[in-house]
Amino acid sequence: MKRLVVVESPTKARTIRNFLPKGEYRVEACMGHVRDLPSSASEVPAAVKKESWGTLGVNVDEGYAPVYIVPKEKRKVVKELKDALKDADELYLATDEDREGESIGWHLLEVLKPKVPVRRMVFHEITKDAIERALGETRDIDQRLVDAQETRRVLDRLVGYTISPLLWKKIAPRLSAGRVQSVAVRLLVQRERERLDFVTASYWDLKATLEQNKQPFEATMVALGEQRLATGRDFDENTGKLKEASDALVLGEEQARALAERLPDEPWRVASVESKIVTRRPAPPFITSTLQQEANRKLGLSARDAMRVAQKLYENGHITYMRTDSPNLSSEAIGASRKAVEERYGQEYLSPSPRQFSAKKSSGAQEAHEAIRPAGTQMRTRKEIGLSGVEGKLYDLIWKRTVATQMADAKLRQTRAEITAGADGPEPATFRANGQTVEFAGFFRAYVEGSDDPNAALEDRDNPLPALAEGDTPNCNEVEALGHETKPPARFTDATLVRMLESEGVGRPSTYASIIDTIVNRGYVRRDGKQLIPTFTAFATNNLMEDSFSPLVDTGFTAEMEQILDDIAEGEKEATHYLERFYRGEGGIEPRVEAGLEKIDARTMSTIEHPTWGDYRVRVGKFGPYVEGEIDGEKKTASLPDSLAPADADEAVLDDLIRTSNKPDEMLGIHPEHDQPVFVKQGPYGPYVQLGDDEQEGKPKRTSLPKGVQPEDVDMAMALGLLSLPRTIGEHPEGGVVKASIGRYGPYVQHGSVFASLKPEDDVLTVGLQRGLELLAQKKQKNKPLRTLGTHPETGDPIEVFEGRYGPYVKHKRTNATIPKDVDPDEVTLEQAVELIAAKAAKKGGRKKGGARKKKTA
């Protein structure tokens, strides 16, 4: 009997083949979803194009039935699967075990229309035992899981395709709304508003360096007389003043410095010492959200990258399924972890009994039923498996977290000493010294949350005080006055945004990576290190959403919506009735959009104002954000740089931008050869030098200033040098010349078709041939293909895989085609590459046939 097993990816297929009898099973990959809602008007079937709901792809008149199509790029995959099915006696659908995996399996069933028995095969790890067990425990497609996933898909479509066009009309083109993404944007905007509203407060305290039995230690002043000193939490963040309920003393600089001068000469005495043992228990094993958070904190990975690496580890059989809400560990995993602890750390580091963790109660725990852990029962380390790079680091994180769950609690001794200076004087100063020692490391030996190195973290936690007793008189070596300022709330990172979304019950952890990716790609958020900074466009979009669709951006409403979707999955609620009420009912999104088209004032929604900006205001237009205000009674505007965060803007910053942008052009002199004026000018994309004026015939020559060079730094010599670009810096050993110039992405050197960016330390006006050749050689090395897949069946030219600025792609002659995110560049086949290139070529050909798009005029 021949059996066809279908999985999502080639990597997963290859791993599973190792555990199935050869000749009896054939394993093929469907490359993710084989059907989806139409992604563009051209994909809408002709039969529904004329329907009022045609572009929506959902029949809102008849039960909200989705209109599914097989995308062009998936047609060949479907044909290959149908051909493989002809030789099979049974079909096994082995897609992932979560809702989306169930949905992919159902779509396969609908498209392939098999006439042989169909079995649904599920497993949460790709090991020999798990695959053999899954073969013996097959089931039917779970229609409730499918319905739950389809309802979510339809709901997301209704939100996105109904509200997004309103954003295009009222705010700017290419924006989008989403059931969860709009809530995420609002959370980011609210945090930025808090930073914008924040008023900094200043306060002082003192730090003393003391010594007891020749052992130095530090203590911080906490009270003066009977009154405790103010700390950051005593101040109102909106006024910068003490909160009304606070009775703390705000120590000023003058008073602090006077105390720092007087107190070293006062007698110091230990007033009290308290010591206690505290217990720390290990964190639960990873679930999707906590893995994303720790990978961001420890490895600097975005949520998207963390899930991509985890997916690869899973598909190669190294970890269990990575989309899960459950911290539960199987008895086999607990046994393997306890054995690993005993072998590596000793019996004393083992928890007294097996430790199990339970999930938060959620009827929507749609994901796998076990935590993310190393696959199998051996608990092999990354060295034993042979993993390196980021995969090895993430696996190591998972291994340590899992093993730590079965280790003994850590015991810490915390000591607090209160020390008085000048106890007999009119205003004694009280200082506090805190110490901590690790009495028993327990699970800290393997894993410390938020730390890369457990041993280093243990050293950090060991901060002992010398032996102190009440009545001791330590020596005072120094007292230092320290000034402090209160800090605004920290911006979100991937880790903290994921934690916030999860705590508010918004969305599901398995979707957080794609949500963050979407809001970054749509221009609502930019990354600065680990920070996620909302843009002015996010502020304008959120203005409209809060004004006209407030329930959709309310975390409580969205969490309630998730619960309803979970109830639908459990069969407790009916999907069609809910969708009708959500879309067309009272307060539904369709009537809200219709009302919004009439009543929403685009100018009001796209305007952002704040008291700290004075009379200036920011508006968001079709070409981006700009500041508007008056200079000498005349209204002026200036484009805002992408690097300016809303909370970092103040009246002075906006004033400088608008004055700089609108100041008269500065003429540096007359060009000695061309007899034309040379100007320093300010444009929407930054300052530049220009040869000739704007009135002359033809376009004047312009060159951008190098990054970091300010207009006031430019003299005539520099301007002439910049206007002389590109300049030839020498002959290339292979023939031709090497040139240096400035382009869209900054200064570069060029030889033929190879361009190499200059480094920050290089000067485009002085860079020499040797340095240019060095940079070009490095670029050529980078331009080497990652893989050569073979030759194109029609042209005979090579097809190669490259890593590009925007991700991996395949290249054939002059056609570059991006490799889809769900396809591993290491696994892409020649056949897939040919198909991707053909689709890209057809798209380019369609654009040529239709002619160039006309530019819109204002």
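Colleague: Four strands, β24 among them, form an open sheet; is the pairing parallel or antiparallel?
Modeller: Before we look, remember that this is a predicted model, in which local features need pLDDT of at least 70, side-chain atom pairs count only at pLDDT 80 or more, and totals for chains, interfaces and linings use all residues. Residues are numbered from 1 along each chain as its sequence is written, and side-chain values use heavy atoms, leaving out hydrogens and water. Strands (DSSP runs of E, at least two residues) and helices (runs of H or I, at least four residues) are numbered from the N terminus, and two strands pair if DSSP finds at least two bridges between them. In the order β24-β25-β26-β27, the pairing of this sheet is antiparallel.

Colleague: Which strands lie at the edges of that sheet?
Modeller: An edge strand pairs on one side only.

Colleague: At what angle to β27 does helix α23 run?
Modeller: Helix α23 (residues 769-782) lies across β24, β25, β26 and β27. Angles run from 0 to 180 degrees between N-to-C directions, using axes fitted to C-alpha atoms, for helices over the stretch in contact (heavy atoms within 4.5 Å). Against β27, helix α23 runs at about 110 degrees.

Colleague: There is another four-stranded open sheet, β16-β17-β18-β19; which of its strands does helix α21 touch?
Modeller: The pairing in this sheet is antiparallel, and its edge strands are β16 (607-608) and β19 (634-639). Helix α21 (residues 651-662) packs on the sheet, its direction making about 95 degrees with that of β19. The strands it touches are β18 and β19.

Colleague: Which turn residue between β14 and β15 has a positive phi?
Modeller: Strands β14 (residues 525-528) and β15 (residues 531-534) pair in the antiparallel sense over four bridges. They form a hairpin with two residues between them. With a positive phi of about 65 degrees, the turn residue is G529.

Colleague: How many salt bridges are there in the whole structure?
Modeller: Side chains of opposite charge can pair when their charged atoms come close. A salt bridge here is a side-chain nitrogen of Lys or Arg within 4 Å of a carboxyl oxygen of Asp or Glu. A network of them links R99, R152, D156, R179, R508, E562 and D566. The search of the whole structure finds 60.

Colleague: D83 forms a salt bridge with K86; about how far apart are the two along their helix?
Modeller: Their closest N and O atoms are 3.5 Å apart. Residues count as buried under 20% relative accessible area, exposed over 50% and partly exposed in between (1.4 Å probe, protein chains only); D83 is partly exposed at 32%, while K86 is exposed at 65%. Both lie in helix α2 (residues 75-86), three residues apart, so their separation is about one helical turn.

Colleague: And how many residues apart in sequence are the parts that R304 and D517 tie together?
Modeller: The side chains of R304 and D517 meet in a salt bridge at 3.1 Å, N to O. R304 lies in helix α9 (residues 303-315) and D517 in helix α15 (residues 509-521). R304 is partly exposed at 30% relative accessibility, whereas D517 is buried at 16%. Since the pair joins these two helices, the distance along the sequence is 213 residues.

Colleague: Which elements do the buried residues of helix α4 pack against?
Modeller: In α4 (residues 128-136), the buried residues are A130, I131, A134 and L135. They cover an arc of only 135 degrees around the axis, which puts them on the same side of α4; the arc is that of the directions from the helix axis to the C-beta atoms. Their packing partners are α1 (10-17), β2 (25-29) and β5 (90-93).

Colleague: Is T95 buried or exposed?
Modeller: T95 is found in the loop between β5 and α3 (99-112). Not counting residues up to four places away in sequence, T95 touches several residues, including V6, I104, L108 and M121. With a relative accessible area of 2%, T95 is buried.
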